[in-house]
Amino acid sequence: MLCSQPGGALAPTAFSAFFESSSGPAGPINGEFGYVDFNDATGTMIDQYNSVGAINSVTPLGGGVYEVKLPGLSTAGPIDGSLQVTAVNSTPARCKVRNWASSPGGQVAYVACFTSTGAPFKTRFTLTYQYNQSLWGAGWPPRYFGYLWFRPPVGPPATNFNSQLGFGVNTLAGAGVGLSLVTFPRLAVLPDNVQVTASGGSSEFCNLLFPWTHTATDTIVRDVACYNSGGAPVNTGFLISANSNA
């Protein structure tokens, strides 16, 4: 892992990581799942997975922007599920979800990547997509997972899902400039993990201000913190996903 401050100086910090590895069609599952690992330096797909067995693709559009297609991961649209994106580079870099569209034909996402100072940047990255499906495991179980898109203010209904309670029940409350308190009811089951990715067309980025906690049966993220390229707090969009292995 490579962690850096705004401007690029390396910094020791806590982090949350998720490793995905899948092969072959998933068989009967409740939702949709897929990922890509694309290296722009060589123009090659390092790895990819699609739960219906289709072949994902990545097309560089220039200026550190990429079109990612996940065919066959069918949803009603216009935007359904959740995405997470991470830059892979030996120098400080970050990527985010610029926008995406869902349809019965699959998912089309646009990824934007930047240097630590906010300049557009060509880099390797990973992208993971989930819809009504955990990031952890092949199906249900795992049974405890949820996701939310803060657009802002909120994303389409199908971007707010909780495996125990259905759509629209996860909540977000502003906690100051650039700070958002997120609650996932009834998902407090160990072991678990939380991931966050900024969204939108500019170079803002987001992280977790503190590790998530459990209060009774709820998973509490206090807070998602978002910044501009200079490190100043700013209100911007993000996607957050909470997943348990149970």
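At 4% relative accessibility, Phe 38 counts as buried, the term being applied to residues under 20% relative accessible area, whereas exposed stands for over 50% and partly exposed for what lies in between (1.4 Å probe, protein chains only). The structure is a predicted model, in which local features need pLDDT of at least 70 and side-chain atom pairs count only at pLDDT 80 or more, while totals for chains, interfaces and linings use all residues. Residues are numbered from 1 along each chain as its sequence is written, and side-chain values use heavy atoms, with hydrogens and water left out.

Across the whole structure, a search finds 13 aromatic pairs, where rings of Phe, Tyr and Trp (its six-membered ring) pair if their centres lie within 6.5 Å, and where planes under 30 degrees apart count as stacked, over 60 as edge-to-face and the rest as tilted. One of these pairs joins Phe 38 and Phe 125 in a tilted arrangement, with 6.2 Å centre to centre and 55° between the planes. Because Phe 38 lies in strand β1 (residues 32–39) and Phe 125 in strand β8 (residues 124–131), the pair ties together parts that are 87 residues apart in sequence; strands here are DSSP runs (E, at least two residues), numbered from the N terminus, as are helices (H or I, at least four). Phe 125 is likewise buried, its relative accessible area being 0%.

A tilted pair is also formed by Phe 161 and Phe 167, at 4.8 Å centre to centre and with 55° between the planes. Phe 161 is buried at 5% relative accessibility, whereas Phe 167, at 42%, counts as partly exposed. Both residues belong to a cluster in which ring pairs link Tyr 131, Phe 145, Tyr 147, Phe 161 and Phe 167.

Since six of the six residues of β9 (residues 145–150) are buried, the strand is largely enclosed by the rest of the structure. Strand β9 pairs in the antiparallel sense with strand β18 (residues 237–244) over six bridges, a pairing being assigned if DSSP finds at least two bridges between two strands, and within β18 Leu 239 stands opposite Trp 149. An antiparallel pairing over two bridges connects β9 with strand β10 (residues 161–162), where Phe 161 stands opposite Tyr 147.

The count of disulfides, defined as pairs of cysteine sulfur atoms within 2.5 Å, comes to two. Cys 95 is joined to Cys 113 with an S to S distance of 2.1 Å, and the torsion about this S-S bond is about 105°, so the disulfide is right-handed. The link connects distant parts of the chain, with Cys 95 in strand β6 (residues 93–103) and Cys 113 in strand β7 (residues 106–115), 18 residues apart. Cys 95 is buried, with a relative accessible area of 10%, as is Cys 113, with 1%.

A disulfide also joins Cys 206 to Cys 226, with 2.1 Å from S to S, and its 105° about the S-S bond makes the link right-handed. Here Cys 206 belongs to strand β15 (residues 205–208) and Cys 226 to strand β17 (residues 218–227), 20 residues apart. Cys 206 is buried at a relative accessible area of 13%, and Cys 226 counts as buried at 2% relative accessibility. With bonded cysteines counted along the chain, the disulfides follow the pattern 1-2, 3-4.
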